[in-house]
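Subject: Structure handover

Hello,

Here is the structure I promised to pass on. My notes on it follow directly below.

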Amino acid sequence: RGAMEIHNVLGKLYVINLLSMDEYLCGVVPSEIMSTWRAEALKAQAVAARNYAYHHMLNRKDALFDLDATTSFQVYGGIAAEKESTSLAIRATSGEIAVFENRPILAYFHSTCGGNTSDDEFVWNGSRMEYLRGVRCEFCKASPHYSWDEKITLYEIRAYLAKKYRGVGAIRGITFKRNEGRVSRVTIVHKNGLLNLTGNEFRMLFPEKKLKSLFFEATKTSDGLILHGHGWGHGVGMCQWGAQGMAEKGARYKDILKHYYRGVRIMHAGGSYAHN
């Protein structure tokens, strides 16, 4: 959809897809949430995705493009990804965004919180947004990722660490610091020294299906750890399975958004274009 721009930057060609906001969202929302879910959950996702795009557009004014099509921003699947149900949700909420203190919020979302969402500052250092405070969520128990167990050997941990950090020796100890049940800091003592990581830095070392979230307890074994955890994703902002659970109980999309993003109001932002 939309138009194409071709830019020559120091001899390298960039092909950029210029889209209206809703054209862009029609390829994003079904790529980020199940299109068979309740309409109110899809509307909540449409507003959250619109917010996410607006936030980056406002903060990348000098960039060649606003967003890319990957998980670095939001997954954009183009026309091939579009579904009637999600397109209807986008049209029904066209132009609507959630604002806090009259600015579009950075509407983080994730698959499953596992019972509680997280304060953003416990995931990303230096970040503290009042609308991204953790909330109790009793609506995502139907998620297949609500509870999970995983075994990680010390060899695996060292191998994943070595991909990013040089000189990692045999691991001698791991300590987890938690905030509200989620791991926020990880200290790793190894043969050649010590590593201090944020919980999110530790999580991102592993494939997403290996370490689904930081909401876990660890039990030591002879060669590693057994993790008993809850949820999938960083845990900040809207829990998508929770949104579906709320919708099944009759909640409207604005109620869902206001539950996961504290103190926001929903307003109409008007039309815009996204460079993707």
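The second largest pocket is lined by Leu154, Ile171, Arg172, Gly173, Ile174, Lys220, Thr221, Ser222, Asp223, Gly224 and Leu225. Please keep in mind that this is a predicted model. The volume of this second largest pocket is about 180 Å³. Two strands each give at least two residues to its lining: S7 (171-179) and S11 (224-230). S7 provides the largest share, four residues. By class, the lining of the second largest pocket splits into four nonpolar, four polar and three charged residues.

Now the largest pocket. It holds about 960 Å³ of space. Its lining has 30 residues. Nearest the centre of the largest pocket lie Glu32, Thr71, Phe109, Glu208 and His234. Which elements each supply at least two residues of this lining? They are helix H1 (21-32), strand S5 (109-110), helix H5 (199-203) and helix H6 (240-248). The lining of the largest pocket counts 16 nonpolar residues, eleven polar ones and three charged ones.

Next, a sheet. Three strands make up an open sheet, ordered S4-S3-S13, with antiparallel pairing. S4 (103-104) and S13 (265-268) are at the edges, and each has a single partner strand, so one side of each has no neighbour in the sheet. S3 covers residues 96-100, and two bridges join it to S4. Val99 stands opposite Pro104, which is in S4.

Two helices lie across strands of this sheet. Helix H2 (residues 39-59) lies across S3 and S4, and runs at about 65° to S3. Helix H7 (residues 253-260) lies across S3 and S13, at about 125° to S13.

Last, the charged pairs. Side chains of opposite charge can pair when their charged atoms come close. Counting a side-chain nitrogen of Lys or Arg within 4 Å of a carboxyl oxygen of Asp or Glu, the total is 13 salt bridges. One of them joins Arg133 and Glu121. How far apart are the closest N and O atoms of Arg133 and Glu121? They are 2.8 Å apart.

Best wishes

Notes:
Residues are numbered from 1 along each chain as its sequence is written. This is a predicted model: local features need pLDDT of at least 70, side-chain atom pairs count only at pLDDT 80 or more; totals for chains, interfaces and linings use all residues. Side-chain values use heavy atoms; hydrogens and water are left out. On a 1 Å grid over the protein atoms alone, a cavity is a set of points where a 1.4 Å probe fits but cannot get out, and a pocket is an open set with protein on both sides within 12 Å along at least five of seven lines; lining residues have an atom within 4 Å of a point. Grid points are joined across faces, edges and corners, and a volume is the space filled by probe spheres set on the points. Ala, Val, Leu, Ile, Met, Phe, Trp, Tyr, Cys and Pro count as nonpolar, Asp, Glu, Lys and Arg as charged, and the others, Gly among them, as polar. Two strands pair if DSSP finds at least two bridges between them. Contact means heavy atoms within 4.5 Å. Axes are lines fitted to C-alpha atoms, for helices over the stretch in contact, and angles run from 0 to 180 degrees between N-to-C directions.
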